[in-house]
Structure formats: structure tokens, C-alpha cells
Amino acid sequence: QVQLVESGGGLVQPGGSLRLSCAASGFRFSLYVMGWYRQPPGKQRELIATTPSGSTNYADSVKGRFTISRDNAKNTVYLQMNSLKPEDTAVYYCHAIGIDYWGEGTRVTVSS
């Protein structure tokens, strides 16, 4: 069955960095566009980055600060987050576009 397991979240100071990972299983990872979403406290989940194999796309709110990448050999997608801001505080989820499944997410808190 499909599984997506996010990891790497935590508490970080403004201006800091974190690298999130998402281990995927149960589907042909290389064939799917993978995305990172986030849900800030009290707000709706939003799409922030996607990676079809060979390209990347970003929401304006994270462009230039976040980098999505994937390793098809490891069935893993990553999100490198730099220059973090308090407004980046959220639960972060990875998602295989087109598959109706969500993992537990990983919480990121940006605070001094």
C-alpha cells in the first residue's frame, strides 16, 4: 500500500535552515509528480513546491529560499529550506500528485 513518511522537521530560529525528507513506497515513484505542501496553524493546506522528474516549480512565498529535489533510486523527495521565517511555521507534507493519500507530515516551527 502507498506510504509517505516525512521527517526532518523541528524548531529552528529565524534565518536558519532545515532539510525535510519524504520516503515513499507502494507506487512507482519515478512516474509521479511529487509535491511538498504545508498547513500553517489555523490555515488551509497549500502547495509550495513540485518536482516532475527533471524540473521544479515553487510558490512565490518560498521561491529563492526552498529547493525541492528527488532521488528516484531511493524513492525519496527532499525539501531544503533556507532563510526560514516565522511565517514558514507549519506542518509539512509530501504528496504524490494523483494519489489519494497523505502521510502524517512533519512539523516545522520557526521561532526565536
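Close-up 1. Y37 is buried, with a relative accessible area of 14%, where buried means under 20%, exposed over 50% and partly exposed in between (1.4 Å probe, protein chains only). W102 counts as partly exposed at 30% relative accessibility. This is a predicted model, in which local features need pLDDT of at least 70 and side-chain atom pairs count only at pLDDT 80 or more, while totals for chains, interfaces and linings use all residues. Residues are numbered from 1 along each chain as its sequence is written, and side-chain values use heavy atoms, with hydrogens and water left out. The ring centres of Y37 and W102 are 4.9 Å apart and their planes stand at 85 degrees, so the pair is edge-to-face. (Rings of Phe, Tyr and Trp, the last by its six-membered ring, pair if their centres lie within 6.5 Å; planes under 30 degrees apart count as stacked, over 60 as edge-to-face and the rest as tilted.) Because Y37 lies in strand β4 and W102 in the loop between β9 and β10, the pair ties together parts 65 residues apart in sequence.

Close-up 2. In strand β9 (residues 90–96), 7 of the 7 residues are buried, so β9 is largely enclosed by the rest of the structure. A90, Y92, C94 and A96 cover one side, and V91, Y93 and H95 the other. β9 pairs with β4 (residues 34–39) in the antiparallel sense over 6 bridges; Y93 is the bridge partner of Y37. On β10 (residues 106–110), the antiparallel pairing with β9 runs over 3 bridges, and T106 is the bridge partner of Y92.

**Close-up 3. L79 in the nonpolar core.** The largest nonpolar core has 26 residues, and W36, L79, M81 and Y92 have the most contacts inside it. (Such a core is a set of buried Ala, Val, Leu, Ile, Met, Phe, Trp, Tyr and Cys residues joined through side-chain atoms within 4.5 Å.) Leaving aside residues up to four places away in sequence, L79 touches, among others, L18, W36, I48, F66 and Y92, with contact meaning heavy atoms within 4.5 Å.

**Close-up 4. The rings of F27, F29 and Y32.** Ring pairs link these three residues, F27, F29 and Y32, into a cluster. F27 is buried at 14% relative accessible area, whereas Y32 is partly exposed at 29%.

Technical notes. Helix = DSSP H or I, 4+ residues; strand = E, 2+ residues; numbered from the N terminus. Pairing = 2+ DSSP bridges.
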